[in-house]
Amino acid sequence: MLEVNGVQKRYKRKNVLQDVSFQLKSGEIAGLVGENGAGKSTLLQIVATVMQPSAGELLLDGDQYKDSYKQLRRKIGYVPQEIAVWEEYTVEENMLFFEKLSWERKSAEECRQLCLDMQLTHWKEKVHSLSGGMKRKLNLAISLLNDPVLLLLDEPTVGIDLKSKMEISAYLRKLAKMAGKTILYTSHDMDEITNLCDRVYSIGEDPFYPDLLEGRGVEVVKLS
Ligand SMILES: Nc1ncnc2c1ncn2[C@@H]1O[C@H](COP(=O)(O)OP(=O)(O)OP(=O)(O)O)[C@@H](O)[C@H]1O
């Protein structure tokens with residue numbers, strides 16, 4: 001379980017996150033919405049241990065982040081907005097390369113299966129010849145190599161076709177419901193968010209997103 005208590009983030013004189021508190025249970029999928037610049041990526045980076053908050057505390061499965069950054073990092077999968085894979089290498093070479101950097105050992109067949117699980121079938125193809133959707137799937141597969149309990153995804157479905165979007169959504173649902181993974185992800189696609197999420201957190205002052213989500217059958221919680 002993830003607990004975020006009173007998190008604040010200040011960049012020089014700019015307050016981005018004021019007093020953010022929420023909890024996520026195992027197997028829960030939560031969305032994070034807000035206008036550009038509201039602080040979604042900043043919050044994901046803090047939860048991912050990539051960045052430290054200016055104030056507040058975070059706990060994962062009861063362990064304080066500040067006491068155990070290194071151990072907790074092993075339990076977290078984080079996919080930033082930018083696709084970070086080796087373009088000149090094949091899907092197979094990318095997976096095997098990142099497997100070497102992972103804390104968990106996986107065979108080549110297990111790596112291939114991770115890709116197949118989300119309909120990424122181009123095992124022998126170079127990444128530069130893949131579609132944007134396929135690259136996003138590869139990025140996601142890489143983040144799962146160390147069997148994270150918490151998965152943080154920054155706009156995993158931006159700019160990809162509807163079929164790939166639906167495949168990624170179906171796969172995320174399976175990861176949460178069958179494998180008990182906790183997922184926090186950002187998206188500007190309100191149809192996708194309402195279909196996929198148990199709850200949506202809205203960040204920032206602007207009531208645009210909460211208003212947009214009203215009456216769509218999803219719980220919306222405002223964060224500051
Ligand atoms: N390293 C940094 N130094 C200074 N300001 C930053 C830094 N990173 C982000 N910011 C500022 O913090 C604010 C929040 O940025 P952030 O990227 O978290 O927003 P976001 O909600 O993810 O936006 P988007 O939807 O465009 O991705 C923005 O005003 C941004 O310019």
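This is a predicted model: local features need pLDDT of at least 70, side-chain atom pairs count only at pLDDT 80 or more; totals for chains, interfaces and linings use all residues.
Helix α1 covers residues 40-47 and packs on a sheet, where it touches β1, β2 and β4. The direction of α1 makes about 125° with that of β1. The sheet in question is open and has 4 strands, in the order β2-β1-β4-β5, with antiparallel pairing. At its edges stand β2 (14-24) and β5 (63-64); each has a single partner strand, so one side of each is left without a neighbour in the sheet.

The pairs within this sheet can be taken in turn. Strand β1, residues 2-11, pairs with β2 in the antiparallel sense over 7 bridges. In that pair, R10 stands opposite N15 of β2. Strands β1 and β4 also run antiparallel, joined by 5 bridges, and N5 has E57 in β4 as its bridge partner. Finally, 2 bridges join β4 to β5, again in antiparallel fashion. Here the bridge partner of L59 is Q64 in β5. Strands β4 and β5 form a hairpin, with 2 residues between them.

A second sheet is described next. This one is open as well, with 6 strands in the order β6-β7-β8-β3-β9-β10, and its pairing is parallel. Its edge strands are β6 (76-79) and β10 (219-223), each of which pairs on one side only. From one strand to the next, the twist averages 20°.

Inside this order, β3 and β8 are neighbours. Strand β3 spans residues 29-33 and strand β8 spans residues 182-186; the two pair in the parallel sense over 4 bridges. I29 stands opposite I183 in β8. Helix α6, made of residues 162-177, lies across β3, β7 (150-154) and β8. Relative to β8, helix α6 runs at about 150°.

Helices can also pack on one another. Two packed helices are described by the angle between their axes and the distance between the axes. How do α3 and α4 pack, and at what angle? Helix α3 (residues 91-101) and helix α4 (residues 108-116) pack at about 115°, and their axes are 10 Å apart. Their crossing is right-handed. On the α3 side the contact is made by V91, M95, L96 and E99, and on the α4 side by A108, C111 and C115. By class, the contact has 6 nonpolar residues, no polar ones and 1 charged.

The last point concerns the chain as a record divides it. An unreviewed UniProt entry lists residues 2-223 as "domain: ABC transporter". In the model, the C-alpha atoms at the ends of residues 2-223 lie 16 Å apart. This span is 33% helix and 26% strand.

How values were computed
Residues are numbered from 1 along each chain as its sequence is written. Two strands pair if DSSP finds at least two bridges between them. Axes are lines fitted to C-alpha atoms, for helices over the stretch in contact, and angles run from 0 to 180 degrees between N-to-C directions. Two residues are in contact if their C-beta atoms, placed from the backbone, lie within 7 Å. UniProt positions are given in the numbering used here, feature names are shortened, and annotations may be inferred rather than shown by experiment. A crossing is left-handed if the near helix is turned anticlockwise from the far one by less than a right angle, and right-handed if clockwise. Ala, Val, Leu, Ile, Met, Phe, Trp, Tyr, Cys and Pro count as nonpolar, Asp, Glu, Lys and Arg as charged, and the others, Gly among them, as polar.
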